[in-house]
Amino acid sequence: MKKIKYLLFVIFAIFMLVACGEKKEEAKTEAPVELKKVDFLLNWVPNTNHTGLYVAKEKGYFAEEGIDLDIKQPANESTSDLVINNKAPMGVYFQDYMASKLAKGAPITAVAAIIENNTSGIITNKKLNINSPKELAGHKYGTWDIPIELNMLQFIMEKDGGDFSKVELVPNTDDNSITPLSNGVFDAAPVYYAWDKIMGDSLGIETNFFYYKDYAPELNFYSPVIIANNDYLKGNKEEATKILRAIKKGYQYAMEHPEEAAEILIKYAPELENKKAMIIESQKYLATQYASNKDKWGYIDPTRWNAFYNWLNEKGLTKNPIPENTGFSNDYLE
């Protein structure tokens, strides 16, 4: 009798072990959670302005939010036009370039600032000893021939006591400003410190640089920003918040680990491998610029936002004046 009971016990135990094993196997073979694919447009080729996006993708921050963010370079149409027409819900753009769109009533909103302060300014050939805006008088300036750009130059020159009429304007048609600057095509040009200035340094080309914001606080606009289509935001607030939460974590990680972040950028944009030293230096610089307080990454200061557009209004640089508090929102940041 005891043997029969023992045998029954053994059979029961084996049955339970097999059943548990099958359950574990079922758990292992369960289909992964399906992620929602969302398009996101860059403004240009991948660069260190975009690193936080790729870090968030690499580290799985989007996946944690149930999102598969498809980061794309814009095709023939500009990022803004694609977002305006709701062909993509989000993308990277600039507050100054948004102005003409907003003045026409374009349905776009800046929902996060990628970099806290404006890091653009004027780069000059160091051998010419141009150390401030007023000293640009009598020199050749490589221009994109954009009214806002030229008015910014005139504004900081005159505030510094210079004569804008004495600047020789030369078309800037190169992919970067360092090559024509070093070749003497022009003596100065508007650039972003994190790209052209550091590119020049990496190539051993000596330059001087001054920020617009140091001569005119009105010009401390947000560049770049993340923009979104207004209809998309109205219908997908939770999703937009999830995307920005993941992006914020990506930029925070890039701030704390700039060299690793640079490697991640290069992994997703291998064409940058031959510029690796420059990319790392650019990333180190931007790690100090994305946000002074990492917990407030992305926040747009209404006073600064309005100050720039009020300046544009005063100069009559848009088709219609842009009302205060137009074109931005902090509602999707956490």
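Mentor: Helices here are DSSP runs of at least four residues and strands are runs of at least two, numbered from the N terminus. On that basis the protein has 13 helices and 10 strands. The model is a predicted one.

The part to look at is strand E3, residues 90-93. Both of its faces are covered. Met90 and Val92 are buried on one side, and Gly91 and Tyr93 are buried on the other. Buried means under 20% relative accessible area. For the background to that, buried residues make up 50% of the 334 residues in the protein.

Next come the neighbours of E3 within the sheet. Strands of a sheet pair through backbone hydrogen bonds, in either the parallel or the antiparallel sense. E3 has one partner of each kind: with strand E1 (residues 36-41) the pairing is parallel, over 2 bridges, and with strand E10 (residues 225-229) the pairing is antiparallel, over 4 bridges. Individual residues can be assigned on both sides. Towards E10, Gly91 stands opposite Ile227, while Met90 has Ala228 as its bridge partner.

The whole sheet is open and holds 5 strands, in the order E2-E1-E3-E10-E4, with mixed pairing. Strand E2 (67-72) and strand E4 (108-113) stand at the edges; each has a single partner strand, so one side of each is left without a neighbour in the sheet. From one strand to the next, the twist averages 30°.

Helix H2, residues 51-58, is mostly covered, with 6 of its 8 residues buried. The buried ones are Thr51, Gly52, Leu53, Tyr54, Val55 and Ala56. H2 lies across E1, E2 and E3, and runs at about 145° to E2. Just after this helix, Gly60 takes a positive phi of about 80°. Helix H10, residues 237-256, lies across E1, E2, E3, E4 and E10, and its angle to E1 is about 65°. E3 is therefore among the strands that both H2 and H10 lie across, where contact means heavy atoms within 4.5 Å.

Lys237, a residue of H10 by its number, lies over the face of Tyr332, at 5.9 Å from the ring centre. Phe209 and Tyr211 are both buried. In total, the count comes to 20 aromatic pairs. There is also an aromatic cluster made up of Phe155, Phe221, Tyr222, Trp305, Phe308, Tyr309, Trp311 and Phe328.

Two values for the protein put the part in context. Among contacts with a separation of 6 or more, 78% are between residues 24 or more positions apart. The accessible surface comes to about 16,400 Å², and 51% of that belongs to carbon and sulfur atoms.

Definitions and conventions: Residues numbered from 1 in each chain as written. Predicted model: local features only at pLDDT ≥ 70, side-chain atom pairs only at ≥ 80, totals over all residues. Heavy atoms only, no water. Buried < 20%, exposed > 50% of the residue type's maximum accessible area, 1.4 Å probe, protein only. Pairing = 2+ DSSP bridges. Axes fitted to C-alpha atoms, helices over the stretch in contact; angles between N-to-C directions. Areas by Shrake-Rupley, 256 points an atom, 1.4 Å probe, with all protein chains shown as cover. Phe/Tyr/Trp six-rings, centres within 6.5 Å; stacked < 30°, edge-to-face > 60°. Lys NZ or Arg CZ within 6 Å of the ring centre and 35° of its normal.
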